[in-house]
Every structure is written in structure tokens, then in C-alpha cells.
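I set out below what I looked up in this structure, entry by entry. Each entry takes up one topic.

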Amino acid sequence: MTGDTQTIPQRASTTSTEAAAPPTVPAARSAPLARSRAARELGLKRGEFELAVMLGRVRTVADPAGARRRVSRAEIDRLRETPGFPESLRESVKAVGTAEGAALLDITQARFTRLARTGVLTPVKFYLNRYRAVVWLYLAEELHEFAACEANAPLFTGRAPDTMRAQLASGVDLRARNWRHRQVGFLLRQSEDPWERVAVTASFLDPMSLAQLVRDPYERAYLHRIRPQPLTQAAPESPTTHIVERITTADDPDEICWLRANLSLGLAEARRHRPAPRPGRPPITATARPHRAPEPPPAPAAADGSGAAQFPAAASRARDTGGKEEPRGLLRWLRRRRGRPED
């Protein structure tokens with residue numbers, strides 16, 4: 001009887017535990033996924049996933065912990081239900097270089113490069129090859145759309161327009177500027193906090209322009225801390241880092257003017273939203289100084305010599321120093337420190 005009495009509560013406890021376990025499974029399933037986990041479930045490589053996020057093919061949500069943005073389980077399920085998954089998703093983020101892009105448009109690589117340099121074609125990403133040469137990549141889907149437009153047919157054959165020829169003769173190359181414009185738009189769409197949006201704009205300006213617009217050093221330090229992650233993990237002073245910084249820093253006058261205006265407007269909005277964090281200022285403590293407090297300045301002597309009667313100590317010091325006034329206060333202490341005679 002005693003054994004049966006002890007066994008019954010154990011079974012009830014086990015049953016209650018088993019009944020309470022299932023609700024935790026949906027809660028874990030509904031948690032947002034890390035980017036690496038989301039890429040594996042979508043069948044995308046790391047570069048393809050980042051490009052899909054940039055283009056809006058994969059929507060992300062903010063992480064409450066403050067880390068990088070994550071992907072919700074509902075978004076994974078939505079993408080899995082699209083027709084042709086995963087090939088359709090992979091084709092929508094396919095990026096090609098100059099050779100493959102020229103083949104898609106059925107033109108020479110030289111003509112393709114000219115179209116890209118004059119801003120007709122906009123790159124979607126870039127990387128540095130083993131020789132540290134910049135390799136621009138273009139979205140294959142956009143190239144197909146560009147080739148299907150009949151208005152672009154004159155650009156594929158025959159003589160280039162005079163405007164384009166003049167641009168090429170002047171050495172223009174708009175690939176980096178157009179990529180920056182696209183990258184700024186992507187980063188701003190991913191940023192919800194006003195200070196983060198200011199940091200995005202600031203990351204494309206040179207340090208001199210940023211110091212002119214954001215004069216508060218605490219605000220500049222905060223913008224530097226929350227700025228987007230760098231595109232390279234190389235050492236700060238390496239040639240690769242310098243090349244990437246040159247590409248990601250605005251150099252066109254119109255582009256710089258646009259960024260400066262957006263930064264000024266965004267900074268005013270961010271300051272209204274909340275001030276930038278500041279470290280606690282250390283208390284100001286007074287330090288003892290070895291010199292005496294400066295004496296009050298003497299009153300101007302009267303023309304009849306009555307000043308000597310009013311200030312006998314000053315008159316006595318003047319007689320002892322041969323008519324020359326003895327230095328007082330800070331000047332006297334400095335001369336003592338230097339070992340110089342006071343006269």
C-alpha cells in the first residue's frame with residue numbers, strides 16, 4: 001500500500017511534466033534565426049544570402065539583444081512556399097562579372113565596360129581579386145531586363161552617343177558612385193534608429209567632412225561605434241583596406257553635397273530623438289600650488305607723492321630694489337622656480 005501511494009504522485013508528476021513540454025516547442029520554433037542558420041535553410045551561400053537581404057528578397061527583423069538582424073521563421077516559410085524554390089530564389093540573386101554580363105547582353109566586354117563606366121549599368125557588389133584589382137559584379141536579373149527593353153537597343157550596336165563618348169574621353173567612371181548610392185539606400189532601409197541612420201550616411205564621408213559637420217567629439221565617437229560593419233576584415237593599414245576605403249568614400253561633388261545635406265538633417269532629428277551617450281566626466285579637484293596668492297594691485301600713486309604715505313610697504317620695497325618694483329605673485333614664483341634673481 002505504501003509503495004502504491006508513492007508511485008501514484010510520481011506518475012502524476014511525470015504526466016504533468018509531459019503535458020507542459022509541448023508549449024515550449026512552438027516558442028523555440030517562432031524565435032528568429034541567425035543569418036547563418038537562415039542561409040542554410042534557404043539553400044544559399046553566404047554571399048548570396050547577404051545579397052538577397054540587400055535586395056529585399058529576404059526580409060529581416062531587429063534583434064532585441066542588439067546583435068545583427070535576424071530572419072523570422074515566418075519569412076523562411078514564406079520563401080519556401082514560393083514557386084520554384086530554391087532555384088528561383090538563387091537565380092534572383094545571381095551576380096555576374098563583366099565577361100558573363102557581356103555574354104548575357106550579346107555585346108563585347110569593352111562595350112559592356114563603357115556602359116558601366118558611364119552609369120548605364122549599376123554594379124551590385126564588388127570584390128578584390130588576388131592581384132588587388134577591383135572586380136565589379138552585376139545582377140543578372142537586371143541585365144536581362146535591360147536587354148529586354150527596346151529603348152536600349154541602340155546602345156548594343158553602332159556608334160555610342162556623343163554624350164557617352166565625351167564622358168569616356170574625360171575619364172569618367174561612375175561605377176563606384178552608383179554602387180555607393182545603392183548601398184546607402186540598402187543600409188538606410190535596414191536602419192530604424194535615427195542615430196543609426198546618421199551613422200550610415202557618415203560612413204560614406206571622409207573624416208574631414210564629418211568633423212566639420214559633427215563638431216561634438218562624443219557624437220563622432222558614437223557614430224563611429226554604431227557605423228555599419230566594414231566590407232573587409234584586413235588590417236587597418238593594409239593595401240586592401242585602403243582600396244576599399246577609396247571605393248566606399250564619396251568623391252563626386254554632387255554626391256558629397258547630397259550626403260552632407262542628409263547628414264545635417266538626420267543629425268538634427270537624432271538629437272531631438274535623444275542625445276548621444278557621453279561618459280561620466282571625472283570630478284574636478286583643486287591641486288595645491290607652491291606660490292602665494294597674488295597680492296592686490298597697487299593703487300595709482302598721486303602726483304604729490306601721497307601714495308608713499310598711503311602704502312609704506314610698497315614704498316619700502318621700491319627703495320630696497322633701487323626704485324624698481326619687486327615682482328609679486330605668480331611672476332615671483334616663476335622666477336624662483338627658474339633660479340633667476342628677482343631683480
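**Entry 1: helix H4 and its surroundings**

I began at the end of H4, where Gly 56 follows the helix with a positive phi near 85°. The structure is a predicted model, in which local features need pLDDT of at least 70 and side-chain atom pairs count only at pLDDT 80 or more, while totals for chains, interfaces and linings use all residues. Residues are numbered from 1 along each chain as its sequence is written, and side-chain values use heavy atoms, with hydrogens and water left out. Helices (H or I, at least four residues) and strands (E, at least two) are DSSP runs, numbered from the N terminus.

I then asked which residues of H4 are buried. They are Phe 49, Leu 51, Ala 52, Val 53 and Met 54. Buried means under 20% relative accessible area, exposed over 50%, and partly exposed in between (1.4 Å probe, protein chains only). The buried residues of H4 pack against H3, strand S1 (95-96), strand S2 (125-128), strand S3 (134-139) and helix H11 (175-190). Contact here means heavy atoms within 4.5 Å.

**Entry 2: two helix pairs**

Two packed helices are described by the angle between their axes and the distance between the axes. I noted that axes are lines fitted to C-alpha atoms, for helices over the stretch in contact, and that angles run from 0 to 180 degrees between N-to-C directions.

For helix H3 (residues 35-42) and helix H4 (residues 46-55), I recorded an angle of about 100° and axes 10 Å apart. H3 and H4 are therefore roughly perpendicular to each other. Angles under 35 degrees count as roughly parallel, over 145 as roughly antiparallel, 65 to 115 as roughly perpendicular and the rest as oblique. On the H3 side I listed Arg 35, Ala 38, Ala 39 and Leu 42, which meet Phe 49, Glu 50 and Val 53 of H4. The residues of this contact of H3 with H4 divide into 5 nonpolar, no polar and 2 charged. In this division Ala, Val, Leu, Ile, Met, Phe, Trp, Tyr, Cys and Pro count as nonpolar, Asp, Glu, Lys and Arg as charged, and the others, Gly among them, as polar.

For helix H7 (residues 98-105) and helix H8 (residues 109-117), the angle is about 100° and the axes lie 9 Å apart. H7 and H8 are therefore roughly perpendicular to each other. H7 contributes Thr 98, Ala 99, Gly 101, Ala 102 and Leu 105 to the contact, and H8 contributes Gln 109, Phe 112 and Thr 113. The residues of the contact of H7 with H8 divide into 4 nonpolar, 4 polar and no charged.

**Entry 3: backbone in the loops**

I looked up Asp 106, which is found in the loop between H7 and H8. Its phi is near 60°, a positive value in a residue other than glycine. Asp 106 counts as exposed because its relative accessibility is 69%.

Arg 132, in the loop between S2 and S3, has a positive phi of about 60° although it is not a glycine. Arg 132 counts as partly exposed because its relative accessibility is 45%.

I also noted a cis peptide bond from Phe 85 to Pro 86, with omega near 5°. Pro 86 has its place in the loop between helix H5 (73-80) and helix H6 (87-92).

**Entry 4: two residues in helices**

Is Ile 247 buried or exposed? Ile 247, in helix H15 (residues 239-248), is buried because its relative accessible area is 6%. Leaving aside neighbours within four places in sequence, I found Ile 247 in contact with Phe 126, Val 134, Trp 136, Ala 176, Trp 179 and Arg 180. The C-alpha atoms of Ile 247 and Arg 180 are separated by 8.1 Å, although the two lie 67 residues apart along the chain.

Asn 178 lies in helix H11 and is buried, with a relative accessible area of 12%. Beyond its neighbours within four places in sequence, Asn 178 is in contact with Gly 119 and Thr 122.

**Entry 5: cysteines and the whole chain**

I found 0 disulfides in the structure, a disulfide being a pair of cysteine sulfur atoms within 2.5 Å. Cys 149 counts as partly exposed at 34% relative accessibility, and Cys 257 counts as exposed at 52%.

Of its 343 residues, 31% count as buried.
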